[in-house]
Amino acid sequence: MFPKVSPKDTKAWQQLRNHYEKEMKGVHMRSLFSADAQRFDRYSLRLGDILFDYSKNIFTEKTLDLLRQLAAECAVKEAIEAMFTGEKINQTENRSVLHTALRNLSGTPVFSDGKDVMPDVLRVLAQMKEFARRIHNGEWKGYTGKKIRYIVNIGIGGSDLGPVMVTEALRPYWKEGMQAYFVSNVDATHIVETLKKVTPEETLFLIASKTFTTQETMTNAHSARDWFLKAAGDEAHVAKHFAALSTNEKDVVKFGIDKANMFEFWDWVGGRYSLWSAIGLSIVLTIGYENFEQLLKGAHDADGHFRETPFEKNIPVTMGLIGLWYTNFFGSQTEAILPYDQYMHRFAAYFEQGNMESNGKSVDRSGKPVEWSTGPVVWGEPGTNGQHAFYQLIHQGTTLIPCDFIAPAISHNPLGDHHVKLLSNFFAQTEALMNGKTVAELEAEKVPPALIPYKGFSGNRPTNSFLIREITPYTLGQLIALYEHKIFVQGVIWDIFTFDQWGVELGKQLAGKILPELVNGDEVRSHDSSTNGLINAFKKLR
């Protein structure tokens, strides 16, 4: 196991603190670009058809050297190997972390607990491929003999966010005649409104729950089953219209699903890293197995880059270190992901979970409270929508918000001059955030003196840019994996357990205690005055 290292105890952390205070605190990026005409060439990296430009950040070569030294002192390289080789780095749950094995199509074995996991991975992939073939060619038919046209994935968290994000990002690759829907919220509105769009005889429901006990998922699943049986009548028909992404064979069969249509995944697959597993069946059914395989291959390519590339050329390591630089030394508490591609409108939401559920921790790997900031608040929306919403705060607000801009060079919809207008905004925003607008420039534009304070832009707002030739299954797989590994790098340096999520448990436990109190008319007095008051008010209002 890689060593537990408090980042504050490293030599590099102390040097970075001194470097920030004495050398970088007042530096403006304009001066960095003026001093180095080759800054873009020096500080951009490539992975296949992906260009990563990180030159528009507040750092010098010394900064990067110290950040890489920090990564070395915190055993990032050793941590990477520990993850890829199946060591139980998720120590609080005593689990390996092997989402990388799910996309390992190299033929190389991967071990956990002394067992090669790859035969099981390949078996489930083959099962998914065959199942999708039968759905797509019409061999699998509904209870009336009609072909399946609608896929409704019922899950929550990683069992929902990943498939939603990928299927939306890859909508140009959808199989003709297939329509996918995703239900996650236990609010009845979500399932009710979805069921209005589908027909019982043409719908396949995927119940995505490892334990087959997740409250929100199983509530929605039973409602979908009830709705289906109102039309189908015979419970035997459930087997033709429901499949399970689970490991609980007993309850799956009790629900009415044929055990042959239960798709397995394993305890070393974390929910927010599960789209590569059987949880990705909705993706396979929507875009086809061949495209899903390209998604896996793209991610596997990024895995190899992450594992084998020296830190100075390593995109996820660089992403992680730059983000840490702002979080821990500039005091930034948030970062934005801004895709200039409408199909990627759920990408930021996916990494809200990916990042904040992973690194939203305040206890180190020794069980002690951390003395440094950890996970930033992650958010974002597609450009150019965001420009007419929250960019005001990014440009002129008091909060430093590092931003990642993502755009394809080639649009799937080359309509008129839409894409060049979109990309002109993509390039302009990163330039504006870097340079800002000075008083002298405003005066030269003859802006009235009274308006100059309002029209000035300080600039020096950091950005990374991902310019991708085209959003394909392969390049999307690469991009997702790069962000996954960035999160891991930061978690290692912060000395926290990235792959557990105990913080989601308390609310669930309390909800379980409150639920019985809501089903009768008795006044509730068992909680604090606010909770009691809210519950009792709810009972009166209904």
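Colleague: In the hairpin of S1 and S2, which residue takes a positive phi?
Modeller: That's Gly-48, with a phi near 60°. The hairpin has two residues between its strands. Bear in mind that this is a predicted model.
Colleague: Which other strand does S2 join up with?
Modeller: S13, residues 463–468. Four bridges link S2 and S13, again in antiparallel fashion. Leu-51, for one, has Leu-467 as its bridge partner in S13.
Colleague: What about the faces of S2, are they covered or open?
Modeller: Both are covered. Ile-50 and Phe-52 are buried on one side, and Leu-51 and Asp-53 are buried on the other.
Colleague: Nice. Switching to helices: how far does H7 reach?
Modeller: From first C-alpha to last, H7 reaches 27 Å, close to the 27 Å expected at 1.5 Å a residue. The helix has 19 residues, 118–136.
Colleague: Which residues of H7 are buried?
Modeller: Met-118, Asp-120, Val-121, Val-124, Leu-125, Met-128, Phe-131, Ala-132, Ile-135 and His-136. They sit on the same side of H7, because they cover an arc of only 165° around the axis.
Colleague: Why would residues three or four places apart point the same way?
Modeller: Because an α-helix has 3.6 residues a turn.
Colleague: Last one: what comes just after H7?
Modeller: Gly-138, which takes a positive phi of about 85°.

Technical notes: Residues numbered from 1 in each chain as written. Predicted model: local features only at pLDDT ≥ 70, side-chain atom pairs only at ≥ 80, totals over all residues. Heavy atoms only, no water. Buried < 20%, exposed > 50% of the residue type's maximum accessible area, 1.4 Å probe, protein only. Pairing = 2+ DSSP bridges. Expected span 1.5 Å × (residues − 1). Arc of directions from axis to C-beta.
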